[in-house]
Amino acid sequence: MQWQQPIPKHYLQIPKAALMERIAQRKAELGERLVILGHHYQQDEVVAFADFVGDSFQLSRQAAQLTETEFVIFCGVHFMAESADVLTSPRQKVILPDLGAGCSMADMAQPEDVAGAWEVITDACRDTEGFELVPITYVNSSAAVKSFVGEHGGAVCTSSNCENILRWALQDQKPGEHPKRKIIFFPDQHLGRNTAYRMGFGLETMATWDYRAARGGLTDLQIRDANFILWKGHCSVHQLFRPEHVDDIRRRVPDVRVIVHPECRWEVVQKADQVGSTEFINRTIREAPIGSRWAIGTEVHMVNRLAKAHPDKQITILSDCQCLCTTMYRIDMPHLLHVLDHLIEGQVINRISVNDYDRYWSRVSLQRMLDITSGGPIASPPLPVPVKQSDDDHLPNDILGHPLAVIPG
Ligand code: SF4
């Protein structure tokens with residue numbers, strides 16, 4: 001997470017109606033030079049100005065397709081804006097209205113800790129014949145971690161395609177076979193555990209790497225015996241849902257269907273009726289029969305929006321805890337207007353720009369994900385492969401701008 005300098009006080013004193021009017025006016029003035037992207041978990045009054053609403057990867061792909069758009073304002077969190085910067089051309093400028101909008105989960109995997117874990121695991125398994133370690137990172141991670149993963153032969157995954165990516169990483173290794181080929185999964189232990197379990201791997205095949213403990217808190221034997229080494233990260237929002245919330249809603253609402261996001265802990269997922277990404281939840285609710293009853297385990301703004309959009313269905317959040325993404329909530333109308341005012345004056349502030357080295361390797365890890373999910377051959381990294389000297393390294397634009405394949409929506 002970065003530090004956001006407080007915006008001038010007068011922005012915070014503008015009445016809501018005037019804020020809305022001024023944002024709309026600025027947006028109209030910038031016309032096609034600007035696109036505003038809004039994540040599903042964003043508050044309604046910000047989403048109202050979004051040209052596209054979706055999950056983080058959908059939105060980044062959307063931005064990448066708008067090659068003529070000069071400014072991309074990402075109303076989400078830091079890692080999402082980084083992905084948008086990686087996927088758009090170097091000419092396009094990605095802006096995060098509040099630099100303090102980070103993601104606690106992404107922050108739990110720092111690149112130096114990731115590199116340290118890699119060394120320890122490799123060392124612990126050095127005598128294992130045929131040993132291979134494959135890094136997989138959830139898209140909710142920093143560009144530096146995606147870059148590490150790309151450089152070390154791994155791929156990014158989303159909550160929708162995680163199983164597909166894990167199958168690719170395991171090749172033909174089945175549950176019960178000796179884990180010569182291991183996966184280290186960043187940064188969300190729950191998505192990794194829930195997906196591997198659904199694929200038939202028992203909890204005993206998974207070890208949790210505690211990044212705050214020496215050697216991840218694991219013995220060499222535990223490392224060698226594990227098929228999956230799960231980084232001990234979590235989403236502070238989805239972590240709030242507990243198994244007793246499922247029991248409680250089932251007691252209170254007859255025939256309720258419980259649908260949760262796979263970032264929820266394993267015990268909650270075991271009790272739910274359905275599990276899936278934000279897009280899966282959206283689609284399931286949209287297609288659900290009139291009169292059906294739903295308890296949803298995901299961020300509250302998305303749940304409230306679904307309830308409003310489907311008054312013919314009974315929709316509630318799985319728990320009444322404060323299940324909102326507090327960092328995403330930092331993006332509000334005053335901060336949005338603040339960056340727009342600067343754009344009108346010709347100044348780009350709060351630009352999110354990934355260094356050239358991490359841009360190159362994170363594109364490689366994202367491209368692998370696209371190749372795997374489309375079933376095509378895995379593209380080799382484009383040449384020349386950069387050499388890291390400093391964060392200011394610059395690669396030729398034709399390398400930075402190599403197009404990514406687009407998977408169908
Ligand atoms: S909901 Fe969780 S994973 Fe998503 S941005 Fe917020 S803290 Fe990060």
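Two strands are said to pair if DSSP finds at least two bridges between them. Helices (H or I, at least four residues) and strands (E, at least two) are themselves DSSP runs, numbered from the N terminus. By this criterion strand β10 (residues 257-260) pairs with strand β11 (residues 274-275), the two running parallel and joined by two bridges. The structure is a predicted model, in which local features need pLDDT of at least 70 and side-chain atom pairs count only at pLDDT 80 or more, while totals for chains, interfaces and linings use all residues. Residues are numbered from 1 along each chain as its sequence is written.

The protein is divided into domain 1 (9-103 + 329-356), domain 2 (107-231) and domain 3 (238-324), with bounds that come from an automatic or database domain assignment. The centres of domain 1 and domain 3, taken over C-alpha atoms, are separated by 29 Å. Seven residues of domain 1 are in contact with eight residues of domain 3, where contact requires that the C-beta atoms of two residues, placed from the backbone, lie within 7 Å. The side of domain 1 that touches domain 3 comprises two nonpolar, three polar and two charged residues. In this classification Ala, Val, Leu, Ile, Met, Phe, Trp, Tyr, Cys and Pro count as nonpolar, Asp, Glu, Lys and Arg as charged, and the others, Gly among them, as polar.

The ligand is surrounded by 13 residues, of which the closest are Cys-103, Met-105, Cys-235, Val-237 and Cys-325. A residue is taken as near a molecule if its C-beta atom, placed from the backbone, lies within 6 Å of it. By class, the shell around the ligand holds eight nonpolar, four polar and one charged residues.

Strand β5 (residues 132-138) has two parallel partners. With strand β7 (residues 181-186), β5 forms six bridges in the parallel sense, and Leu-133 stands opposite Lys-182 in β7. With strand β6 (residues 155-157), β5 pairs in parallel over three bridges; here Ile-136 has Ala-155 of β6 as its bridge partner. Six of the seven residues of β5 are buried, so that the strand is mostly covered. A residue counts as buried if 20 or more other C-beta atoms lie within 10 Å of its own, as exposed if 12 or fewer do, and as partly exposed in between, with C-beta atoms placed from the backbone.

The path from β5 to β6 includes helix α8 (residues 143-151), and these three elements make a right-handed β-α-β unit. Helix α8 is mostly covered, nine of its nine residues being buried. Among them are the charged residues Lys-146 and Glu-151. The buried residues of α8 are covered by elements that include α5 (78-87), α7 (111-124), β5, β6, β7 and α17 (356-374). Just after α8, Gly-153 takes a positive phi of about 85 degrees.

Most residues other than glycine have a negative phi, and most peptide bonds are trans. Asp-255, in the loop between α12 (243-252) and β10, has a positive phi near 65 degrees although the residue is not glycine. Asp-255 counts as exposed because it has 9 C-beta neighbours inside 10 Å. Arg-215, in the loop between β8 (206-209) and α11 (220-225), likewise takes a positive phi, of about 50 degrees, without being a glycine. Its 17 C-beta neighbours inside 10 Å are the reason why Arg-215 counts as partly exposed. Arg-215 and Val-120 are 95 residues apart in sequence, yet 6.6 Å apart in space, C-alpha to C-alpha.

A further pair of residues can be set beside this one. Glu-45, in helix α3 (residues 44-47), is partly exposed because 14 other C-beta atoms lie within 10 Å. Glu-45 and Ile-315 are 270 residues apart along the chain, and their C-alpha atoms are separated by 21 Å.

Key
Right-handed = clockwise from strand over helix to strand, strands pointing away.
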